[in-house]
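Please look at the sequence and the 3D structure shown below, and keep both in view while reading. The paragraphs that follow go through the structure part by part.

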Amino acid sequence: MRPAPFPKPQILKLESDPMLFHVTMTVRLPADMPADAAADLKAREKAIAADLQRNGKWRHLWRVAGAYANVSIFDVADNAELHDILTGLPLFPYMDIAVTPLCRHPSSVRDGDA
């Protein structure tokens, strides 16, 4: 007689639980892109990024010195929301993106960094 299989563990996610992601975005615009097209893309990207920061989805945004790149922290409901945000950015077709999911470290002394 075989023992009964263990049930799969259930992960409970409360609606208020944030999902934090470390995202590195490196922009590579084509050298032959007209300056006015590049300026338009950048202006639209800046407006969307500002809205996402104001509504708390794009929690932190840092420039990478010496590169056309940024390091960001996103606070979203799930992987799908992050995917939708990133693919909706005007510069998305010209970006190399690396995503790392984050979770709270047990030794963290900060209460607000869920």
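Is Asp51 buried, partly exposed or exposed? Asp51 has a relative accessibility of 43%, so Asp51 counts as partly exposed.

A few notes on the model come next. This is a predicted model, in which local features need pLDDT of at least 70 and side-chain atom pairs count only at pLDDT 80 or more, while totals for chains, interfaces and linings use all residues. Residues are numbered from 1 along each chain as its sequence is written, and side-chain values use heavy atoms, with hydrogens and water left out.

Consider the chain as a whole. The chain has 2 helices and 4 strands, and from the N terminus on the order of the elements is β-α-β-β-α-β. Helices (H or I, at least four residues) and strands (E, at least two) are DSSP runs, numbered from the N terminus. Of the 114 residues in the chain, 23% are buried. The chain has an accessible surface of about 8500 Å², and carbon and sulfur atoms hold 58% of this area; accessible areas come from the Shrake-Rupley method with a 1.4 Å probe, and for residues only the protein chains shown count as cover. Among contacts (heavy atoms within 4.5 Å) with a separation of 6 or more, 66% are between residues 24 or more positions apart.

Now to the charged side chains. Side chains of opposite charge can pair when their charged atoms come close. A salt bridge is a side-chain nitrogen of Lys or Arg within 4 Å of a carboxyl oxygen of Asp or Glu, and the structure holds 5 of them. One of these joins Asp51 to Arg54, with 2.8 Å between the closest N and O atoms. Both residues belong to helix 1 and are 3 residues apart, about one turn of the helix. Arg54 is exposed, at a relative accessible area of 65%.

Another salt bridge is formed by Glu81 and Lys57, whose closest N and O atoms are 2.9 Å apart. Glu81 sits in helix 2 (residues 79–87) and Lys57 in the loop between helix 1 and strand 2 (58–63), so this pair ties together parts that are 24 residues apart in sequence. Lys57 is partly exposed, with a relative accessible area of 25%.

Arg28 and Asp96 also form a salt bridge, the closest N and O atoms being 2.5 Å apart. This pair links distant parts of the chain: Arg28 is in the loop between strand 1 (19–27) and helix 1 (35–54), Asp96 is in strand 4 (residues 95–102), and the two are 68 residues apart. Arg28 is exposed, with a relative accessible area of 53%, whereas Asp96 is partly exposed at 40%.

The interior comes next. In soluble globular proteins, nonpolar side chains tend to be buried together. A nonpolar core is a set of buried Ala, Val, Leu, Ile, Met, Phe, Trp, Tyr and Cys residues joined through side-chain atoms within 4.5 Å. The largest such core here has 18 residues, and those with the most contacts inside it are Val23, Met25, Trp58, Phe74, Leu82 and Leu86. Strand 1, helix 1, strand 3 and helix 2 are the elements that give two or more residues to this core. Met25 touches several residues beyond four places away in sequence, including Trp58, Phe74 and Leu86.

How many aromatic pairs does a search of the whole structure find? There is 1 aromatic pair. The members are Trp58 and Phe74, 4.7 Å centre to centre with 35° between the planes, and the pair is tilted. Rings of Phe, Tyr and Trp (its six-membered ring) pair if their centres lie within 6.5 Å; planes under 30 degrees apart count as stacked, over 60 as edge-to-face and the rest as tilted. Trp58 is in strand 2 and Phe74 in strand 3 (residues 69–76), 16 residues apart. Trp58 is buried at 2% relative accessible area, and Phe74 is buried at 0%.

Asn70 also lies in strand 3, and Asn70 is buried, with a relative accessible area of 13%. Beyond four places away in sequence, the residues that Asn70 touches include Val23, Met25 and Trp58.

Definitions and conventions
Buried < 20%, exposed > 50% of the residue type's maximum accessible area, 1.4 Å probe, protein only.
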